[in-house]
Amino acid sequence: MAQSMSIAVPGQLLGPANESLPGPGTHIHDSNLYASILGPITKTNPPKPLGPPKRLTKIIPAAPTPLSTVSIERNIAAGHAKDGSKAKAEILPEVNSTVLCRVTRIQPRQASVAILVVGETVLDGEWQGLIRVQDVRATEKDKVKIFESFRPGDIVRAVVISLGDQSNYYLSTASNILGVIMATSEAGNAMYPVSWKEYKDPETGASESRKVAKPF
Amino acid sequence: MAVSMERFVLPGESLDAEYLPSHPTLPLKLGPGLRHIPPNTITPTVAGQLCSDKRKNAVWVEFNGGRYIPTVGDLVIATINRPSPEFYYASLSDYAPQATLPNLSFEGASRKTRPQLQPGALVYARVSLANKHMDPELECVSSSTGKSDGLGPLNGGMLFTISLGMARRLMLPRPAEQGRVVVLDEFGAAGVSFEIAVGRNGKLWVDSTSLKTTLAIGKAIQETDLKGLNPEEQKKLARKSMKDF
């Protein structure tokens, strides 16, 4: 796999769209391939196509020559990896992927979270996510109070429902297995889940409301 | 209410059990200014006077802080800052996050008939949500009964700023004997008709027949607050201001 060390900036022209296939980190505009993010340009050569099978009685048109794929890697350091050892595959949250996130802020209509783990992979950087008040529970959506479901600092298991806009993924905890998996009490102690809506501080005995995920 | 004032406390002091009230059946209720550290430490978190109520088995610290911290259930006077499609944004105190007041949280309000409040308007509201993670929320109607109980817009009149301690004294069940505020009784006895509303966020609203009386009453309370006048001095002050009208 050929590796190029040149860095592309967002909006940089990479070539015409009929010469290469667009990979992650690129987009097509007006039949041209442009870079979408800052990163090193990598060109992956496609596998060599087999020639048409030998037959003496039929002429089969040759398959179109496959194009190489141009992509931009997210991690600039990945472009400097030694030959043969490609940096670990970049995992992005996709729709329906389960993520672990930490609640950063609560507001009356939504909770802002920082996505830390996608599937089984711990991310290098944090992606911002939003859990809207109508996506907290599956039932009685209009009676949900964010203050009784999440608090800043909680670790939450959620599922991505939309790639969202420029700043946020949209997540949902509307399932029994989704919700808060780790919480700290107001007094600062780690709490144990008691029911689907309550955590208990073992030291002070105080209970706090959360949308609790079913432990398994 | 058998309130007794024991002594001055400083933050972090250890309190002996003799300063805390005891009751055969009721559990001890901790009010503002005290914190319970399990298993059996109770420490003050502010400097002030330790007060206790034997009848309710409650203990708290009476301190005159400058900053109003919203607490659920408090009655406050909020100033409307700006409207938005679903809420009014109102200010409880300067340099603090704004509180939200839902458009429909008024008595008898529906989408068609709801009060149109202008920026600068005053409302008497109750704090419905207050915690350290979110901006406070207000309501002008009791969520259980749907009645306003005296909450809602305050029309006319004038707003005065008083200290939080003075606001608490005015909001006692019997301000004259418990809070030692007699200046209002003096004005009333002299035949001045007026209406006041007190917010725990340190705001006083006065409405009266004439501007002169409104100003006189508001200034009298502010002076009582600022100079710490005792009942005798308050009576003198009331008589002096009533000489004008």
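This is a predicted model: local features need pLDDT of at least 70, side-chain atom pairs count only at pLDDT 80 or more; totals for chains, interfaces and linings use all residues.

Residues are numbered from 1 along each chain as its sequence is written, chains are lettered from A and ligands numbered from 1 in the order in which they are written, and side-chain values use heavy atoms, with hydrogens and water left out.

**Stop 1: chain A.** Of its 216 residues, 34% count as buried, meaning under 20% relative accessible area with a 1.4 Å probe and protein chains only, where over 50% is exposed and in between is partly exposed. Now look at contacts (heavy atoms within 4.5 Å): of those in chain A with a separation of 6 or more, 55% join residues 24 or more positions apart.

Next, colour by pLDDT, the predictor's confidence in each residue from 0 to 100. Chain A has a mean of 86, and 88% of its residues reach 70 or more. Over residues 79–87 of chain A the value is below 50, and this stretch has seven contacts in the model beyond near neighbours in sequence.

**Stop 2: the second largest pocket.** Select A:P108, A:V144, A:K145, B:L129 and B:E137, which lie nearest its centre among 21 lining residues. A pocket here is an open set of points on a 1 Å grid over the protein atoms alone, where a 1.4 Å probe fits, with protein on both sides within 12 Å along at least five of seven lines; lining residues have an atom within 4 Å of a point. The lining divides into 10 nonpolar, three polar and eight charged residues. Which strand gives the most to the lining? Highlight β11(B), with four residues.

**Stop 3: B:D74.** Go to the loop between β6 (58–62) and β7 (75–83) of chain B, where B:D74 sits. B:D74 counts as buried, at 14% relative accessibility. Beyond four places in sequence, B:D74 contacts B:Y68, B:A125, B:R126, B:V127 and B:R200.

Stop 4: Finish with A:C101, buried at 0% relative accessible area, and B:C51, buried at 1%. With a disulfide taken as a pair of cysteine sulfur atoms within 2.5 Å, the count over all chains is zero.

Note on methods
Helices (H or I, at least four residues) and strands (E, at least two) are DSSP runs, numbered from the N terminus. Ala, Val, Leu, Ile, Met, Phe, Trp, Tyr, Cys and Pro count as nonpolar, Asp, Glu, Lys and Arg as charged, and the others, Gly among them, as polar.
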